Amino acid sequence: MMHWNLWAKFSIFLFLVWLLVSGATIAVLSQHLNTHAEQAVKERADILLTSMQSVRNYTRDHVQPLLKDSSETGFFVQESIPNFAARTVFADFQQQDAMLEDFSYKEATPNPTNPTDLADSFETTIFNQLRQLATAEPRELSGYRFLDGKKLFYMAQPLIMDDVSCLECHGDVNDAPKYLIDMYGDRNGFGWQ
């Protein structure tokens, strides 16, 4: 009887050790896999953000100068706007790559010309944090947010407006081209510095 009692205690002890080691192993493995998955998503997002900035730069440096004469005569070509070009190229990426289905791209700001880019309260907080990081390196924020009941990973980088030509459309509303006001109104996207 004594022998069986000792064996039962030893078996329970071994089971508890196994449970503890298994639980710890699963927790460590889960953390490792989550970190690895997050890093993979972050790398892919970084490539996408770099690509979208390249599209913006190309549009600003090569497309806008070619279409400048058309905008001076009141003819507006959306494809000459870096934001429009980046969003269009991103949408095309999504159609070609199923792995991008859960990605989104938004140039969120509290004062956009296009209402599509209006920042929600979470994005406004991120926008303000990025504004404070304007001179810091790295100029990037990432983390998680909940949206529509889903936990989503986000990565945000500032779009630095250092081209004075942007103020032609986004400076004083009285200086903005008529076609811009006709398309988007005179309330949003102005007063940029």
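**Aromatic rings and their contacts**

The charged end of Lys151 sits over the ring of Tyr144, at 4.7 Å from the ring centre, where a charge is taken to sit over a ring if NZ of Lys or CZ of Arg is within 6 Å of the ring centre and within 35 degrees of the ring normal. The structure is a predicted model, in which local features need pLDDT of at least 70 and side-chain atom pairs count only at pLDDT 80 or more, while totals for chains, interfaces and linings use all residues. Residues are numbered from 1 along each chain as its sequence is written, and side-chain values use heavy atoms, with hydrogens and water left out.

Rings of Phe, Tyr and Trp (its six-membered ring) pair if their centres lie within 6.5 Å, and planes under 30 degrees apart count as stacked, over 60 as edge-to-face and the rest as tilted. By this rule there are four aromatic pairs. One of them is the tilted pair of Phe90 and Tyr105, with 5.8 Å from centre to centre and 35 degrees between the planes. Because Phe90 lies in helix H2 (residues 82-96) and Tyr105 in the loop between H2 and helix H3 (121-132), this pair ties together parts that are 15 residues apart in sequence; helices (H or I, at least four residues) and strands (E, at least two) are DSSP runs, numbered from the N terminus. Phe90 is buried at 6% relative accessible area, and Tyr105 is also buried, at 16%, where buried means under 20%, exposed over 50% and partly exposed in between (1.4 Å probe, protein chains only).

The rings of Phe122 and Tyr154 form an edge-to-face pair, because their centres are 5.1 Å apart and their planes lie at 80 degrees.
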